[in-house]
Amino acid sequence: MRVVITGAASGIGRAVAELLAAQDEPHQMLLTDRDEEGVNAVVAAIGAGARAHVGDLSSVDCGRDIVAAAVDHMGGIDGVVSNAGIISSAPLVEQTVDQFDRVYAINTRATWLLGQAAQPYLAQSRGAFVATASMSATQPTPGLGFYSSSKAALLMLMRQCALEWGPDGIRCNTVSPGPTYTPMTQAGYDDPDRRAQRESMIPLGKLGMAEDVANAIIFLLGPQAGHISGVDILVDGGMSSNLMPATGGGTGQKASK
Ligand code: NAD
């Protein structure tokens, strides 16, 4: 496959690139990130077939620039992984217009710009478009109002892409991680109490790892997901099914006869 991955210097994007590179089938990849040193290190570790691209997804030219670099490197595109995202952590009453614009530009607009620029190439290859959303897209999250709402918009944007580009053979899907241990979150989860508290809310009893999310993205990119479009795969260890408080079992009421 010829694959574009954003946010490829770190965390989930890096894991997608590394897991693809470890497959028997050779892949070509355009790995893009604003972190030049980080993305160059991933390309150096992967070796043949990968090329680094440095750019900021808050730019309105990001989609055009990334697709031009991808076509120059690979001659076409079979898969796009729009994965990069940022958090802006503050109550809504304290947030600013600049923060709103920045979070939505990176978490939502960049996926549209990238998809729009890649669409003719994905139509040629009858390829796949996958975006990394979040469990927060469907669960309001304390202190992350811009993040959760930008990811909710991303979910619908990708379903809309699935509707509009399906006739061209392009499959469009999202993966929504729950709490996942990556450089984005590790400062918080390296605190054992905080980690234990979070893990106690996850039925599988542990944080996700970047590879857990990357495996779902790779599934959606590949032929095994050949008839799947317009869906969101939650990779959250079951956390979103755990809304009722843990009471030790049952309701405490006697069963009616
Ligand atoms: P990460 O911080 O490890 O990686 C994100 C990468 O995106 C970094 O390499 C960063 O340099 C790049 N990036 C950020 N802003 C950019 C910009 N403006 N231009 C270009 N590159 C930019 O984080 P991660 O945990 O791997 O996150 C990947 C995706 O998963 C994000 O969309 C995030 O919202 C989502 N997500 C993560 C978690 C989690 O718990 N880690 C949970 C839900 C969703």
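The model is predicted, and residues are numbered from 1 along each chain as its sequence is written; local features need pLDDT of at least 70, side-chain atom pairs count only at pLDDT 80 or more, and totals for chains, interfaces and linings use all residues. Side-chain values use heavy atoms, with hydrogens and water left out.

**The sheet**

Start by colouring the strands; helices (H or I, at least four residues) and strands (E, at least two) are DSSP runs numbered from the N terminus. Seven strands make an open sheet in the order β3-β2-β1-β4-β5-β6-β9, with parallel pairing. Two strands pair if DSSP finds at least two bridges between them. Select β3 and β9 (232-235) to see the edge strands, each of which pairs on one side only. On average, neighbouring strands of this sheet are turned by 15 degrees against each other, direction ignored. Such angles run from 0 to 180 degrees between N-to-C directions, with axes as lines fitted to C-alpha atoms, for helices over the stretch in contact.

Next select β2 (residues 28-33), which is parallel to β3 and joined to it by five bridges. Met29 is found opposite Ala50 of β3.

**Helices on the sheet**

Show helix α1 (residues 11-21), which packs on the sheet and touches β1 (2-6), β2 and β6 (171-177). Contact means heavy atoms within 4.5 Å. The direction of α1 makes about 160 degrees with that of β1. Then show helix α8 (residues 210-221), which lies across β1, β4 (79-82), β5, β6 and β9 and runs at about 170 degrees to β6.

**The cores**

A nonpolar core is a set of buried Ala, Val, Leu, Ile, Met, Phe, Trp, Tyr and Cys residues joined through side-chain atoms within 4.5 Å. Buried means under 20% relative accessible area, exposed over 50%, and partly exposed in between (1.4 Å probe, protein chains only). Select Ile5, Leu20, Met29, Leu31, Val175 and Ile217: of the 30 residues in the largest core, these touch the most other members. Helix α8 gives the most to this core, with eight residues. Centre on Ile5; leaving aside neighbours within four places in sequence, its contacts include Val16, Leu20, Met29, Leu31 and Val81. A second, separate core has 28 residues, among them Cys62, Ile66, Ala70 and Cys161.

**Aromatic rings**

Rings of Phe, Tyr and Trp (its six-membered ring) pair if their centres lie within 6.5 Å; planes under 30 degrees apart count as stacked, over 60 as edge-to-face and the rest as tilted. By this rule there are three aromatic pairs. Select Phe100 and Tyr104: the ring centres are 4.2 Å apart and the planes at 15 degrees, so the pair is stacked. These two residues are four apart in helix α4 (residues 97-125), about one helical turn. Phe100, Tyr104 and Phe146 form one aromatic cluster.

Move to Phe129 and Trp165, another stacked pair, at 6.1 Å centre to centre and 25 degrees between the planes. Phe129 lies in strand β5 (residues 128-132) and Trp165 in helix α5 (residues 145-165), so the pair ties together parts 36 residues apart in sequence. Both residues, Phe129 and Trp165, are buried.

**A loop residue**

Finish at Val60, in the loop between β3 (50-54) and α3 (62-74). Val60 is exposed, with a relative accessible area of 54%. Not counting residues up to four places away in sequence, Val60 touches Arg109 and Leu113.
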